Structures are given as structure tokens and as C-alpha cells.
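Please look over the sequence and the structure before reading on.

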Amino acid sequence: MMLPLNASEAAVSTFLLVGIPGLEGVHIWISIPICLMYLMAILGNCTILFVIRTEPSLHEPMYHFLPMLALSDLGLSFSSLPTMLRIFLFNTMEISADACIAQEFFIHGFTEMESSVLLIMSFDRFVAIRNPLRYSSILTSSRVLHIGLAFAFKSILLVLPLPFTLKRLKYCNKRLLSHSFCLHQDVMKLACSDNRVNFYYGLFVALCMMSDSMLISVFYVFILKTVLGIASHGEWLKALNTCVSHSCAVLIFYVPNITLAIMHRLPKHMSPLAMILIADAFLLVPPLMNPILYCVKTQQIRVKVLEKLENLGLKSK
């Protein structure tokens, strides 16, 4: 955690990002699926935002959380897009220290925001199944808005110290990072000055996100307990079906996130290639899959999306 500072070492002002080691010669080909994934993620999340914004029938509390999730996914995509495309399309690996620190702030900020949204959505599903008759009175539109704003504010405040703690560090000689984008735990390892504050605060942020996942698990335990008490098999399946999209979104988000956190804390026992692939999956897969999950599993959204596409097709003719 604490690195000796040698006065003879020259301070660095730029870092080097990496693509996929050993496959540098085919980075241009790897960029094709990466570009397609980014394009589909941006298009899918913008579609969710547009449909919910323009359809009065979807202006209900249960659908207000999807725009929050879509905005978090768009933020993650746009935060990592510049450096990913620079590396795989143009083989440009260098990034200034200030740009790197700014990128890690946005990536961690939108990651924390998505974690918060998934937590709120689990509470929403809990209330809908536990108290269906009181659902509309408990989660009103204004209350949902206030909850969303409070959690967004919490996410910003939680990660706000990260760039300032990185900025105060000195970086000497070592400047090769482990990914195609900047992460707090990756940048702080390059410091040649005392980085204990970064280590402990980074651990605190990680534990806060872990607490979100634990609370989500608690809500699902209560949901399962309630569902198992339902006598009708049809109602039992219907109640569980309302949680399928959210539970898949939780797994898609937390599995690579937690895996990557463990890998960064046990680097000697982990393959660098595996770490890179997990990190890329962490930023690429959730924004891509969340719109697909909610369009496929939520009938109201699926119907409205198909209607919009049909209307666009008729207008083009």
C-alpha cells in the first residue's frame, strides 16, 4: 500500500492503457464487435428512454425506474467508449493523468448509480408482491422521483473523493495500466507515494456496493417467502415472472463487478487476460443486455416498442 518515493524518479503525466495482450495485431477486427455492442447498447437504452417518455400508459411508478437504469447504462457506455475505441481502432494507448482520473470518476460514479437503481428496483418488486393493493399509494410518482434523486446524489457524493485522492498522489516511471479504461484501484497501484487513503477509501466504496447487493438479496428472500405462501400455482408463477428481468439484470451487473474487485485484490493468483476480459464484460454487457431483458420480459414495453417500430416503418413508406 505504501510505496517509497525516490527523488531521482521522474514524475509521469500520462498513463498507458492496454487492449488485449497478445492480440494487438487483430485489434482492428476486435473493434468491430465492440463497436456493435456499444451501438446496440446506446440504441437500446435510448429506445427505452424514448418509449417511456412518449407513452402516457407507461407513466406509472413501476416504469420510472427503467429510465434511471437506462441513464446509468448510457453513462457507463459513454464513459468507457472514448478510450476503448482509441485503443482498438487507432492503437492509441496514451492518456493524460487528468483525463484518466476524470474517466475513473465517471465510471465509478455511474457504476455506483446503477447499483443504487438495482437496489431501488428490488424494493419496488418487494412492495409490489408483498403489498399489491397498497403499491400505488406507497410508491407514488413523486416519491419515486425523490428516491431516485436521493440515491443519485448519494452516488455522486460517495465517489467524489476518488479523483481528489488520486490527484494528490505522485506517479513515477510506472505508467502501464491493466485495462482499456481507468479504474481507481488500477491507477492507485502506480503511485510511488503513500496511497493508504486511496486503498481504504476505495475499499469503503466497494463495501458500500457490496451492501447494495446484500440488501437486494434480503429483499429477494422476503419476496420468495411471500411467493411461496401463495396458494395458487398460477399466481405463484405470475409473481415470480415479474422479478425475472430484474434478477437477471442484478446477476449481469454484480457477477463481473464482484469478480473484478476480487481479482484486483488477488492479482498474483489471477490471469491478466482473464482480468481484462472480465473488466470489459463489466462495462459492455449490462448496458447491452438490460434493454433487451426488459423489452423481452415486460409485455407493456415490448408492445409499445413494436408499435413505435411499426409506425416508423409506415412513415418511411
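On a 1 Å grid over the protein atoms alone, a cavity is a set of points where a 1.4 Å probe fits but cannot get out. Grid points are joined across faces, edges and corners, and a volume is the space filled by probe spheres set on the points. The largest cavity here has a volume of about 50 Å³. The model is predicted, and local features need pLDDT of at least 70, side-chain atom pairs count only at pLDDT 80 or more, and totals for chains, interfaces and linings use all residues. Residues are numbered from 1 along each chain as its sequence is written, and side-chain values use heavy atoms, with hydrogens and water left out.

**Fold and surface**

- The protein has 11 helices and 2 strands, where helices (H or I, at least four residues) and strands (E, at least two) are DSSP runs numbered from the N terminus.
- The order along the sequence is β-α-α-β-α-α-α-α-α-α-α-α-α.
- Of the 317 residues, 46% count as buried; buried means under 20% relative accessible area, exposed over 50%, and partly exposed in between (1.4 Å probe, protein chains only).
- Among contacts (heavy atoms within 4.5 Å) with a separation of 6 or more, 79% join residues 24 or more positions apart.
- Carbon and sulfur atoms hold 72% of the accessible surface of about 16100 Å², an area from the Shrake-Rupley method with a 1.4 Å probe.

**Nonpolar patch**

- Leu 23, Val 26, Ile 28, Trp 29, Ile 32, Leu 36, Leu 39, Leu 89 and Phe 90 make a nonpolar surface patch of about 890 Å².
- Two or more of the patch residues come from each of α1 (27-54) and α2 (61-90), and α1 gives the largest share, 5 residues.
- Patch residues have over 30% relative accessible area and no salt bridge, and nonpolar side chains (Val, Leu, Ile, Met, Phe, Trp, Tyr) are joined within 5 Å.
- A salt bridge is a side-chain nitrogen of Lys or Arg within 4 Å of a carboxyl oxygen of Asp or Glu.
- Val 26 sits in the loop between β1 (14-16) and α1 and is partly exposed, at a relative accessible area of 35%.

**Cavity and pocket**

- The whole structure holds 1 cavity of 30 Å³ or more.
- Residues lining the largest cavity include Asn 45, Leu 66, Asp 73, Asn 290 and Tyr 294.
- At least two lining residues each come from α1, α2 and α10 (272-297), with the largest share, 4 residues, from α2.
- The largest pocket contains about 700 Å³ of space; a pocket is an open set with protein on both sides within 12 Å along at least five of seven lines, and lining residues have an atom within 4 Å of a point.
- This pocket is lined by 23 residues, and Met 62, Arg 125, Ala 128, Lys 238 and Thr 242 lie nearest its centre.
- Helices α2, α3 (97-130), α9 (233-265), α10 and α11 (299-316) each give two or more residues to the pocket lining, and α9 gives the most, with 7 residues.

**Single residues**

- Lys 154 belongs to helix α5 (residues 141-159) and is partly exposed, with a relative accessible area of 30%.
- Leaving aside residues up to four places away in sequence, Lys 154 touches Glu 112, Ser 116 and Asp 212.
- His 179 lies in the loop between α6 (161-167) and α7 (184-188) and is buried, with a relative accessible area of 0%.
- Beyond four places in sequence, residues touched by His 179 include Leu 17, Asp 186, His 264 and Met 275.

Note on methods:
Patches are made of residues with over 30% relative accessible area and no salt bridge: like charges are joined within 9 Å, nonpolar side chains (Val, Leu, Ile, Met, Phe, Trp, Tyr) within 5 Å.
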